[in-house]
Amino acid sequence: MKGRTSIKSVLPALWSVDSPVKRRMPYATFPADTDPYAALKSKGAIADGIMAMEGYLEQVASAGPAKDASVAALEHYCYVDTLAMCYILDYWEWALEMQRES
C-alpha cells in the first residue's frame with residue numbers, strides 16, 4: 001500500500017492475497033488475478049474519481065442512448081467502488097478470524 005490508505009491503494013494490496021473472501025459472491029464476479037479497479041481500467045471503463053467526474057459531466061450534457069450509456073457506466077463504477085469498501089471490511093474480518101484461530 002506504500003503508506004497510503006485510500007480504497008484505490010488498499011484494495012489491490014488485499015486483492016493480491018489468495019483469500020476465500022474473493023471466492024464469495026459478489027466478489028467472485030471479478031477476475032481473481034486482477035483487482036476490480038485494474039479490471040475496469042483494462043476495459044476502458046470508468047476506473048477512478050476523475051473519470052467519474054468526467055462521466056458525470058458527459059451524462060449531464062448528453063441525451064438519449066448516450067446519456068443512458070453514461071449513466072450505466074457511472075452506476076457500474078459506483079457498484080465496484082461500494083463493493084471495494086465491503087471487500088476491505090470482509091477481508092479484515094476474515095484476517096482477524098484467522099489470527100484468532102492461530
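1. Tyrosine 87 touches Leu11, Leu14, Trp15, Ser19, Val21, Lys22 and Tyr27, leaving aside residues up to four places away in sequence; contact here means heavy atoms within 4.5 Å.

2. This is a predicted model, in which local features need pLDDT of at least 70 and side-chain atom pairs count only at pLDDT 80 or more, whereas totals for chains, interfaces and linings use all residues. Residues are numbered from 1 along each chain as its sequence is written, and side-chain values use heavy atoms, with hydrogens and water left out.

3. Confidence is given as pLDDT, the predictor's score for each residue from 0 to 100. The protein has a mean pLDDT of 93, and 97% of its residues reach 70 or more.

4. Leu11, Tyr37 and Tyr87 have the most contacts inside the largest nonpolar core, which has 21 residues. Such a core is a set of buried (under 20% relative accessible area, 1.4 Å probe, protein chains only) Ala, Val, Leu, Ile, Met, Phe, Trp, Tyr and Cys residues joined through side-chain atoms within 4.5 Å. Helices H1 (7–15), H2 (36–42) and H4 (64–101) each supply at least two of its residues; the largest share, nine residues, comes from H4.

5. The structure holds zero disulfides (pairs of cysteine sulfur atoms within 2.5 Å). Cysteine 78 is in no disulfide, and the nearest cysteine sulfur, that of cysteine 86, is 13 Å away, too far for a bond.

Methods: Buried means under 20% relative accessible area, exposed over 50%, partly exposed in between (1.4 Å probe, protein chains only). Helices (H or I, at least four residues) and strands (E, at least two) are DSSP runs, numbered from the N terminus.
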